[in-house]
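Welcome! Let us walk through this structure together, one place at a time.

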Amino acid sequence: MRVAIYTNEREVSWQVKQQLIEKLVEQGIEIDDHCPDIVLTVGGDGTVLHAVHHYINQIEDIKFIGIHTGHLGYYTDWLPSELDEVVDFLQQDHRNVCQYPLLSIVLCECGSTSYEVCHQLYAFNEMTLLNAYRTQHLNVTIDDLFFESFRGTGVCLSTPTGSTAYNKSLGGALIYPTLRAFQMTEIASINNNVFRTIGSPLIIPEEQTVTLQSENFKDVTITRDHLYESYQNIQKIRVSLSNRSVTFIKRREGLFWNRVKQHFL
Ligand code: NAP
């Protein structure tokens with residue numbers, strides 16, 4: 001078994017990393033940051049997002065265990081006071097795994113030869129499409145159905161596990177992490193006698209695809225979790241639930257509603 005430790009920049013996380021290294025070496029467990037079987041993240045849920053993107057190309061070969069150096073998070077089951085238990089747990093049979101899907105984001109741009117060039121990207125919490133400067137016009141299609149013409153700041157499309165993050169701040173529903181669906185929420189839509197959007201968050205089943213199209217994505221920023229980029233020539237964005245997923249070794253089943261209660265109530 002090869003183990004990597006992925007930490008955020010906080011001093012407390014580095015101290016935990018040092019202690020973990022000592023305990024792993026004592027047990028004869030190999031530390032390998034390049035080709036790990038298991039990644040221990042030390043930090044918060046944000047650190048898990050960074051780790052997922054760091055290992056995105058080999059995500060199917062890796063299992064994650066999260067140690068939270070703050071309070072417990074949604075992706076993190078362990079505290080720094082439990083490092084001996086974590087090392088014991090590492091060496092047990094890992095049957096209790098959860099697989100959380102990634103969001104698939106396909107950006108299509110018109111190449112110089114007028115052929116469509118598409119880029120495949122992934123998000124673990126959500127993607128947002130944001131226009132901070134101007135009213136963004138978007139046509140929203142669900143599979144083959146033209147659904148609405150959106151005007152406003154943007155939209156957020158989140159995974160079930162991302163539903164407790166940005167999606168929640170936008171008034172989206174909390175989705176139980178094992179449900180195979182994704183969600184679209186609006187960001188400051190314009191609704192009046194001329195422009196009308198649905199206004200409610202949409203929960204979309206895994207087999208459907210949302211396509212966002214616009215004549216003008218020029219000033220738009222696309223975020224994926226903590227990452228953000230601007231694109232000049234994008235014409236169409238296809239979003240769906242990917243069949244790629246992130247695997248966690250879970251300490252116990254059924255902690256989700258408990259976490260929701262602890263965090264938000
Ligand atoms: P970050 O500091 O890494 O994360 C921002 C906060 O979101 C942190 O408190 C983090 O928890 C928490 N978080 C992350 N994933 C979560 C999840 N699945 N459920 C519940 N809470 C979660 O910030 P960042 O680098 O800018 O972006 C990372 C994430 O921040 C994005 O994916 C987005 O969901 C969220 N975000 C939220 C808003 C908003 O609510 N208005 C705006 C922008 C971004 P930890 O403290 O445990 O790391």
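Predicted model: local features only at pLDDT ≥ 70, side-chain atom pairs only at ≥ 80, totals over all residues.

Which residues lie nearest the centre of the largest pocket? They are Y100, P177, K250, L255 and F256, and the lining as a whole has 17 residues. A pocket here is found on a 1 Å grid over the protein atoms alone: it is an open set of points where a 1.4 Å probe fits, with protein on both sides within 12 Å along at least five of seven lines, and lining residues have an atom within 4 Å of a point.

Residues are numbered from 1 along each chain as its sequence is written, and side-chain values use heavy atoms, leaving out hydrogens and water.

Now step back to the whole chain. The protein chain is divided into domain 1 (2–96 + 250–264) and domain 2 (102–243), with bounds that come from an automatic or database domain assignment. Taken over C-alpha atoms, the centres of domain 1 and domain 2 are 30 Å apart. In contact (heavy atoms within 4.5 Å) are 14 residues of domain 1 and 17 residues of domain 2. The largest pocket lies between the two domains, because both give residues to its lining.

Next, find T69 in the loop between β4 (63–68) and α3 (83–90). T69 counts as buried because its relative accessibility is 11%, and buried means under 20% relative accessible area, exposed over 50%, and partly exposed in between, using a 1.4 Å probe and protein chains only. Leaving aside residues up to four places away in sequence, T69 touches several others, including R10, V42 and P80.

Finally, look at two backbone angles. Most residues other than glycine have a negative phi. A188, although not a glycine, has a positive phi of about 50°; A188 lies in strand β10 (residues 181–189). D225 is not a glycine either, and has a positive phi of about 55°. D225 sits in the loop between β13 (221–224) and β14 (227–230). A188 is exposed, at 53% relative accessibility, whereas D225 is buried, at 10%.

Methods: Helix = DSSP H or I, 4+ residues; strand = E, 2+ residues; numbered from the N terminus.
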